[in-house]
Amino acid sequence: MIQKMATEELDRFGEKIIEGFQLSDDDLRALLSLESEEELEKLYYVARKVRNYYFGNRVFLNCFIYFSTYCKNQCSFCYYNCKNEINRYRLTREEIKDMCKALKGAGFHMIDLTMGEDPYYYDEPDRFVELVQIVKDELGLPIMISPGVMDNTTLLKAREKGANFFALYQETYDHELFKKLRVGQSFEGRFNARRFAKEQGYCVEDGILTGVGNDVESTIKSLRGMKANGPDMVRVMTFLPQEGTPLEDFKENSNLSELKIIAILRLMFPKCLVPASLDLEGIDGMVYRLNAGANIVTSILPPDSRLEGVANYDRGLEERDRDIKSVIKRLESMGMEPAPQADFEKVLGL
Ligand SMILES: C[S@@+](CC[C@H](N)C(=O)[O-])C[C@H]1O[C@@H](n2cnc3c(N)ncnc32)[C@H](O)[C@@H]1O
Ligand SMILES: C[C@H](CCN)[C@@H](N)C(=O)O
Ligand code: SF4
């Protein structure tokens, strides 16, 4: 398929995608099986062509506020699973308010409010709704919420207070693998919460993990599963094993790299937001992810922040390279730039 294509053919392939061509399962098998750097560069070339057609060199910037690392769940891949004996924090309302004040005018397109499934909020969900209100009042920016499988009533209330985006990642659409990852959780419950949010006017983000025991066929199942639900943002994250978790020693030689899947996501979801997360390899990693077709930088932390990431490649490092100024500087060195806020509001359908 793509291996033997010369530049003109790669351009034509990109144009076909822009014209609406849909990749078949066999096409996905072929792309997921690409091996050499040269072949992969051809895939990234086509993905950039499609990304540039819709977004040019303009990138969106998402601020990540992990405001509570308490959780009642025990996902086998996650550092914050309730069985892991770690230091946890829960920001106070005042701390969140002060953080918002420091974020004014920083240049973010959206604020991502993330928490574990913290009983403090799950037992009193209006506390979470109040948080959304505080951030909306302080910053007025679009808000992404990543609270886990919140009940429908709370999702509705958060929407009324100004939440725009609901992020809930299925991890995999392979039910057997899901059971091993999201231990004791309902596949349908997770799926239905995201679908309900979409029906209530949220933009939604779905996502999968790779390097977590997924193979080509399960990855195709996941790509198809996400496609069927019309997400506004789709991600893939490399699974980073976490100390103190059941998968801390998990290793596999996966050929299903994050960069390869980012590029395939771009071809399957040409107009979608596709993240380049700093959570995995910081700003150096961002460059590769943008060059593979991503167009929103996520897990950008408030300046001088000691807040957690999620996969948190830099946990324990003194120096963290996740502030917006450093991101923008690197973007400029790549000939890219932050998009106007109006472009983002268009994506949100505002
Ligand atoms: C956004 S965070 C927390 C939000 C909320 N508690 C939830 O589970 O949806 C959860 C996501 O981070 C990602 N994640 C968690 N641990 C990870 C790890 N060790 N490596 C890569 N991604 C990870 C997973 O995709 C997971 O869905
Ligand atoms: C996984 C997190 C996002 C949650 N909505 C964040 N660390 C990221 O990588 O974007
Ligand atoms: S992924 Fe979310 S729900 Fe699962 S343990 Fe981590 S914080 Fe809790």
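1. Start with a term. A crossover counts as right-handed if, with the strands pointing away from the viewer, the path from the first strand over the helix to the second runs clockwise. Keep that picture in mind for the next point. The model is predicted.

2. Look at strand 7, helix 12 and strand 8. Together they form a right-handed β-α-β unit. Helix 12 covers residues 278-291. Strand 7 covers residues 275-277. Strands 7 and 8 pair in the parallel sense, over three bridges. One residue pair to find on screen: Ser 277 has Thr 298 of strand 8 as its bridge partner.

3. Strand 8 also pairs with strand 1, residues 58-68. The two run parallel and are joined by three bridges. Here, Phe 60 has Ile 296 of strand 8 as its bridge partner.

4. Is strand 8 largely enclosed or open? Its residues are 296-300, and five of the five are buried. Buried means under 20% relative accessible area. Strand 8 is therefore largely enclosed by the rest of the structure.

5. Now turn to Ile 17. This residue lies in helix 1, which spans residues 7-18. Its relative accessibility is 2%, so Ile 17 counts as buried.

6. Which residues does Ile 17 touch, leaving out those up to four places away in sequence? The contacts are Leu 23, Val 50, Leu 267 and Pro 270. Ile 17 and Val 46 are 29 residues apart in sequence. In space, their C-alpha atoms are 9.2 Å apart.

Technical notes
Residues numbered from 1 in each chain as written. Chains lettered and ligands numbered in written order. Predicted model: local features only at pLDDT ≥ 70, side-chain atom pairs only at ≥ 80, totals over all residues. Heavy atoms only, no water. Buried < 20%, exposed > 50% of the residue type's maximum accessible area, 1.4 Å probe, protein only. Helix = DSSP H or I, 4+ residues; strand = E, 2+ residues; numbered from the N terminus. Pairing = 2+ DSSP bridges. Contact = heavy atoms within 4.5 Å.
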